[in-house]
Amino acid sequence: AKPSVYVTRQINKEALDILNQKCDVSVWAGPGPVPRDELLRNIKDKSGLFCMLTDKIDSELLDNAGKNLKIIATMSVGYDHFDVNEIKKRGIRMAYTPDILTDATAELAVALLLATSRRLLEANEEARTGGWKAWSPFWMCGPGLKGSTVGIVGFGRIGQEIAKRLKAFGPARIVYFNRSEKINEAREIGADRVSFDELLSVSDFISVSCSLTPDTKEMFNEAAFKKMKKTAVFINTSRGGVVDQDALVRALEDGTIWGAGLDVMTPEPLQVEHPLFKLRNCVILPHIGSACSETRNDMAILTAKNIVAALTNQPLLTELKV
Ligand code: GLV
Ligand code: GLV
């Protein structure tokens, strides 16, 4: 018998075909995420799990799966939805989708930064609703990148690509904060490594691209926002959990910082009544960092290939080793 695989979401045919060749595949039929009870029931006795960042992979799920489960592959680069220790303890392999979404995510970060600093959504709203009375010299103005200092928090693959793209806009300086040095990458890009506090205080634009870990959880708290310039633009395309969101709301309300652009928040989806939606100086996107059509197709294909590789005792293409 072919090994059995559960897929927690509707995926593209190309990825499904890869799975179907070697596996007995069942797919959650619903349009949205699989409900938790449905997932717990369907994971029973499966050999592989194809999941998303919306599926929490914890000991409860692993207990329900049983001893057959050999591979958990997530169609995402982030893996904070994995209880890594519990998965490793059971000898289950893990896969994710680094690299192939780097360009798409960096592109989105730049788009979000410009949308925030140049007030694109607010301006569009004004234009549509009669707020545009005449071209006006100081109306809808925001800070420019030329001559600015850009701060990148998390100088991994995505952070570096954001820095490269922003460099084209002519900032005076790019600084970064990262756990490891990244000397060669930084030299190539022309970025300076600084402490977190220095980055906060010198940057006009702060773009976050680190992963969510116990170390980075809520690193952007009230104290951090207070260290930023009053003119600072804060951009987050990593995980909502790196921000103390209530502190961010206060910082945006009282002018501690100038504005924010968020592709990620807590919780997701953010309820439409949330105070962040009431702020004109906050641009909110529904976690679309990697949402390029080609990228999402490739992510699903890579996830499928990782599962097939694990279940046919081949090396994984992108094994998550942590
Ligand atoms: C998206 O947030 C991802 O982790 O791929
Ligand atoms: C703007 O359109 C200008 O001509 O300055």
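The model is predicted, so local features need pLDDT of at least 70 and side-chain atom pairs pLDDT 80 or more, whereas totals for chains, interfaces and linings use all residues. Residues are numbered from 1 along each chain as its sequence is written, and chains are lettered from A and ligands numbered from 1 in the order written.

E9 has parallel partners, where pairing requires at least two DSSP bridges between two strands. With strand E6 (residues 149–153), E9 forms 4 bridges in the parallel sense, and Ile 152 sits opposite Ser 207. With strand E10 (residues 233–236), E9 again pairs in the parallel sense over 4 bridges, and Val 208 faces Asn 236. From E9 the chain passes through helix H10 (residues 222–227) to E10 in a right-handed β-α-β crossover, that is, clockwise from the first strand over the helix to the second when the strands point away from the viewer.

Turning to the ligand, Leu 53, Ser 76, Val 77, Gly 78, Leu 101, Gly 289 and Ser 290 surround ligand 1, each with its backbone-placed C-beta atom within 6 Å. This shell comprises 3 nonpolar, 4 polar and no charged residues, with Gly counted as polar.
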